[in-house]
Every structure is written in structure tokens, then in C-alpha cells.
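Open the model in a viewer and keep the selection panel at hand. The stops below follow one another by what packs against what.

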Amino acid sequence: MLTDLVKAGKVAEFVDLAPLTTYKVGGPARWLLDAETLTDLESLGPYPDPVVVIGRGSNLVVADEGFPGLVIRLGNGFSQITIGRDRVVAAGANAPLPAVARAAAKAAIGGFSWMVGVPGSVGGAVRMNAGCFGSDTAAMVNTVSVWDLRAGERVERSAGSLDYGYRTSNLAPHEVVIEASFSGSIGDPKDLEKEMRHITRWRRDHQPGGTHNAGSVFKNPVGDAAGRIIDDLGLKGTRVGNVSVSTKHANFFVAEPGATATDIRTLVDLVASTVYDRTGVRLVPEMVFVGFD
Ligand SMILES: Cc1cc2nc3c(=O)[nH]c(=O)nc-3n(C[C@H](O)[C@H](O)[C@H](O)COP(=O)(O)OP(=O)(O)OC[C@H]3O[C@@H](n4cnc5c(N)ncnc54)[C@H](O)[C@@H]3O)c2cc1C
């Protein structure tokens, strides 16, 4: 139970979430469970209340007021990467995607190179159907092990049951991804290294590296790119408080020191409404907002 975990020092109270996200903004979690192993999730028992699982925080905007419920973060016990037979790669939900890409390349398994530039975790990718460079998580995932917080039990989900769409799955907030297995193709480690270097270079050239951001703010409309639309309207550099539309890539918003989550939310709404008013295109955020109404 939560109260027992607080007493045991496993759950901390009023923990600042800003450092756990790439935007570095937002308020505290009422409770934070650092789950090092499955036992920590098991000891929570069936948990019916609102929950947020945080991975690398690379697609999250946490409200300035924080989140009034339980936040769960997975630890090192969920970071393993295992190369199996038939080019199957199994990874814990806390494994960083770039590490999965490199482990697969070393084992001569292709198809994972796109992960090298996505600074998220396996759990976040499985939930969000992360992807780029013509591939995504849905194209590679076989099975997903989930800890169902409401039932307090482990459930195995097949890829087909996740109802994947563009940056969506049907995984609910109470379903914690703990592990996933992926299938790759035959690859040559040298070629895969080259491919990853190319992807890394492309990102360095086209995206605002070294800044506080959460990757693409909006999903791309069918047949178009959100960044192109925003750029064409001359909105690069548009600013609310200490957050601005990147001058390097218009679908990235960059948070500077002193930025708030409200600045981000207001800029998202401003850009979306400007785009709608001037083009009729409704941009839909890709980022996940936590603790907002
Ligand atoms: C510079 C930069 C570039 C990026 N480029 C891309 C890109 O090319 N393509 C792309 O798709 N994304 C991109 N992203 C966004 C982000 O990295 C991905 O969406 C990533 O998959 C999010 O993983 P995360 O661990 O950071 O998840 P978080 O941001 O922590 O969480 C995202 C969502 O996943 C849920 N979640 C996290 N872990 C789990 C878990 N174990 N179980 C269940 N749910 C979980 C959260 O509750 C939340 O709903 C980029 C981000 C940055 C900062």
C-alpha cells in the first residue's frame, strides 16, 4: 500500500518533477515511487487512483502546479537489454532507446538505428509509438509486459492488441510497460554504425540540440509537416514568457531559464490557433501534458 511504502521510504512526497523532464519545468508530484524492481510495483498492491508513469521525461510537460497523484519512475532493474535468437531484442522499459539501437547494431541486427536519436525510454516509446526516419515502435515490437496497477498484476500484451496509430497506443495510464521485445532484420554492424552516425548528424544539423525541449510539439498532419506550416507562417522565434518557437526547427519549442509550463502551454495554444485561423489546419500536440485541466 502507498502509506506503507511512504513509511518504508520507498515513496517520496512532494518531489520536484522538473529535473526529471527534458523541458526542466513543472511542479511536484504528490508522491513519487522509484520502482527499482517489480517487487516495488507489487508492494503497491491494486492501485485505483490516478497515476503517471515517467520515463526519460522527453515528451512531457508537467504543469506548474505539479501532479496531485502518484508518479512512478522505473529504475535500473528495468534497464536490461538482451539479444535473443532470431534477431529478437528484449529490453526493460527503462532502457534508453539509443542504447537499444547500439546494442542491436553491435549484434548485427538492423531496423533499430532510428532509435539512436530519440532520447526516450523503451517504456515511453512503446506507449507513444515513438518513431522517425520512416520507422516506428509499432513496426518492430512483438510482445509487451505490462504491470496493471489497478489489478496489481502482470499482463502480457501482444503488439496486435495495442491498437497502434501515429504516436498512439491504447495503453492506459494505469498500465506500466515493464519490458518489451522487438524483432529486427539482418544487418552489418559497420553499415548500421554509419546509418546511426548519419541520423545523429542530421539531427545536429536540423534540430536545436543542447536546448531544453521535448522534441516535436505537434504531430504532422497527413501529407505535411507541422514544422513547415509553422515556419511558412513566419512563426519561428514567436515567444511567450521564456519559451519560444525554435529558430532552427519550427516544430520544436525551446524553454530558457525562468520558463514555466504555462508559458509552454500558452505558446502551444497560440501557435495552434494561429495555424488554424490562417490555414484551416488543426495541429494536434504530440507532447503529453501532465497535471493540466
Ligand atoms: C530532442 C528530442 C528529439 C525527439 N525526437 C523524437 C522522434 O524523432 N520521434 C519520436 O517519436 N519522439 C521524439 N521525441 C520525443 C520522445 O523522446 C519520445 O516520445 C519518447 O518515446 C518518450 O519516451 P520517454 O521515456 O521520455 O517518455 P516520457 O516523456 O517520460 O513519457 C511519455 C509518455 O509515455 C508514458 N510512459 C513513459 N514510460 C512509460 C512506461 N514504462 N509505461 C507506460 N507508460 C510510460 C508517460 O506516462 C507519458 O504518457 C524527441 C524528444 C526530444 C527531447
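**Stop one: helix 5 and its packing**

The buried residues of helix 5 pack against helix 3 (97–106) and strand 8 (109–110). Packing rests on contacts, a contact being two residues whose C-beta atoms, placed from the backbone, lie within 7 Å. Helices (H or I, at least four residues) and strands (E, at least two) are DSSP runs, numbered from the N terminus. A residue is buried if 20 or more other C-beta atoms lie within 10 Å of its own, exposed if 12 or fewer, and partly exposed in between, with C-beta atoms placed from the backbone.

This is a predicted model, in which local features need pLDDT of at least 70 and side-chain atom pairs count only at pLDDT 80 or more, while totals for chains, interfaces and linings use all residues. Residue numbers start from 1 along each chain as its sequence is written.

Select residues 189–206. Helix 5 has 18 residues and reaches 26 Å from its first C-alpha to its last, close to the 26 Å expected at 1.5 Å a residue; the expected span is 1.5 Å times one less than the number of residues. Leu 192, Glu 195 and Met 196 are buried in helix 5. Seen down the helix axis, the buried residues of helix 5 fall within an arc of 95°, so they line one face. The arc is that of the directions from the helix axis to the C-beta atoms. Turned away from that buried side is a face with the exposed residues Lys 190, Arg 197, Arg 201, Arg 204 and Asp 205.

**Stop two: helix 3**

Now select residues 97–106. Leu 97, Val 100, Ala 101, Ala 104 and Ala 105 are buried here in helix 3. Their arc, seen down the axis of helix 3, is 130°, so the buried residues line one face of the helix. They pack against strand 6 (81–83), strand 7 (88–92), strand 8, helix 4 (122–128) and helix 5. Ala 108, which follows helix 3, has a positive phi, near 60°.

**Stop three: strand 5**

Which residues make up strand 5, and how many of them are buried? Select 67–74: 6 of the 8 residues are buried, so that the strand is mostly covered. Strand 2 (residues 28–35) pairs with strand 5 in the parallel sense over 6 bridges, and Trp 31 has Leu 70 as its bridge partner. Strands pair if DSSP finds at least two bridges between them. Strand 3 (residues 51–54) also runs parallel to strand 5, joined by 4 bridges; Val 53 stands opposite Ile 72.

Strand 15 is joined to strand 16 (residues 243–245) by 2 bridges, and Arg 239 stands opposite Ser 244.

Next, pick Asp 263 in helix 7 (residues 261–279). Asp 263 is buried, with 21 other C-beta atoms within 10 Å. Neighbours within four places in sequence aside, Asp 263 is in contact with Val 240, Gly 241, Asn 242 and Val 243.

**Last stop: the whole chain**

Zoom out. The chain has 7 helices and 18 strands. Its C-alpha trace spans about 50 × 50 × 30 Å along the principal axes, and 44% of the 293 residues count as buried.
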